[in-house]
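Please walk through this protein with the model open beside the text.

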Amino acid sequence: MAIKLGHDRISSLPDSVLCNILSFLPTDNATLLFDATVCIRQGDFTDATMERFEMFVISVVLRTEPSNVQKFSLHSYRVSGSCRLKELGSLAVMRDVRELELNIENQQRVQLPESIYSCRSLQVLKLDSDFDIAVPGSGICFPNVKFLRVSLQYPENQLTEKLFSSCPSIEELWLKVYLKYDGPATNFIISSSTLKRLYWTVLVDDYNFAFNNCEHKCFIMAPLIEILHVVDDLMVSYEVHDLQFLQTVNVGIFFPDWSVLNPWEAVQLVNAVLNCKNLTLSSGVILVR
């Protein structure tokens, strides 16, 4: 017997109807993943549409039971403002979220909700867009977060000198930083007694410049680090201390014209990690004389 497959009628329903259907699905031990790029039809990212999307997200979260959210992920082109983001963050924190992922595209920097800083249930935090982050007066950030992924654009020293020493439980850090070659000198202090894996990426917007050695610096003081990955497009100055348990190191420094660069910065970094068991260097590092 031949079976004739019907058309997918669900996908053709209006967004408002789809959102209403989804909001009634059970959310026991919920993993809540909201992606506006999937839920909203291409070209329909109007203020009204984004407002409906945000209200849908809130309605779903409100239907979950307390202490029930394993993971909350939000990927959107923008949010209505800090107040709406604060509401979404507070709802997730009130439900003892264990993993939180936020990615807001095409958005001016907005404040990270205060409730996230002190959330004790949170163990995994992924901030994939540029948030306004401020270390609390207590000096403690994300008290039980073991995995932190953060993206920073042109950060100031009041953040980069404090944030990474304020996370008492961190074991794995993924840090992506956008810097300006001629911007103010930025000091990154990565000081931790618990950190075991560090993935560090430095990006620069434009190579079309007459290069002068940059003054940005990175201090790494984390004695338990076992894995260190460095990808650097700008040649930051590194100062590394007491990495006694290094297992695997990858150093990738990519610069368009090494002839105008002081190679000592790269050599200094490599010398500091020679005690590791597995060392991988990019071709740029190998060519340094």
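The paragraphs below go from the sheets to a helix, then to some loop residues and a pocket.

This is a predicted model, in which local features need pLDDT of at least 70 and side-chain atom pairs count only at pLDDT 80 or more, while totals for chains, interfaces and linings use all residues. Residues are numbered from 1 along each chain as its sequence is written, and side-chain values use heavy atoms, with hydrogens and water left out.

Start with the sheet of 10 strands. It is open, its pairing is parallel, and its order is S1-S2-S3-S5-S7-S8-S10-S12-S14-S15. Strands here are DSSP runs of E with at least two residues, and helices are runs of H or I with at least four; both are numbered from the N terminus. Two strands pair if DSSP finds at least two bridges between them. Strands of a sheet pair through backbone hydrogen bonds, either parallel or antiparallel. Which strands stand at the edges? They are S1 and strand S15 (278-281). Each has a single partner strand, so one side of each is left without a neighbour in the sheet. From one strand to the next, the twist averages 5°. Such angles run from 0 to 180 degrees between N-to-C directions, with axes fitted as lines to C-alpha atoms, for helices over the stretch in contact.

Strand S1 covers residues 30-35. Ala30, Leu32 and Phe34 make up its covered face, while Thr31, Leu33 and Asp35 lie on the uncovered one. S1 pairs with strand S2 (residues 69-76) in the parallel sense, over 6 bridges. Asp35 has His75 in S2 as its bridge partner.

Move on to strand S5, residues 124-127. Val124 and Lys126 point one way, and Leu125 and Leu127 point the other way. Are these residues buried or exposed? All are buried. Buried means under 20% relative accessible area, exposed means over 50%, and partly exposed lies in between, using a 1.4 Å probe and protein chains only. S5 runs parallel to S3, joined by 4 bridges. Here Glu99 stands opposite Val124. S5 also pairs with S7 in the parallel sense, again over 4 bridges. In that pairing, Lys126 stands opposite Arg149 of S7.

Further along the order, strand S10 (residues 197-204) pairs with strand S12 (residues 227-232). The sense is parallel, and there are 6 bridges. Trp200 faces Val230 in S12.

There is also a sheet of 3 strands. It is open and parallel, in the order S9-S11-S13. Strand S9 (187-191) and strand S13 (237-241) are at its edges, each with a single partner strand, so one side of each has no neighbour in the sheet. The twist averages 10° from one strand to the next. S9 and strand S11 (residues 217-221) share 5 bridges in the parallel sense.

Now turn to helix H3, residues 47-62. The buried residues in H3 include Phe53, Phe56, Val57, Val60 and Val61. An α-helix has 3.6 residues a turn, so residues three or four places apart point the same way. Asp47 also belongs to H3, but it is exposed, with a relative accessible area of 60%. Its C-alpha atom is separated by 8.4 Å from that of Ser80, 33 residues apart along the chain.

Two loop residues deserve a look. Asp96 sits between helix H4 (82-94) and strand S3 (99-104). Its phi is near 55°, a positive value in a residue other than glycine. Asp96 is partly exposed, at 31% relative accessible area. Asp242 lies in the loop between S13 and strand S14 (248-253). Its phi is near 50°, again positive in a residue other than glycine. Asp242 is exposed, at 57%.Finish at the largest pocket, with about 240 Å³ of space. A pocket is an open set of points on a 1 Å grid over the protein atoms alone, where a 1.4 Å probe fits, with protein on both sides within 12 Å along at least five of seven lines; lining residues have an atom within 4 Å of a point. Of the 14 lining residues, the closest to the centre are Asp132, Ile133, Glu156, Gln158 and Leu159. Strand S6 (131-132), strand S7 (147-153) and helix H6 (157-160) each give two or more residues to the lining.

Notes:
Grid points are joined across faces, edges and corners, and a volume is the space filled by probe spheres set on the points. The expected span of a helix is 1.5 Å times one less than its number of residues.
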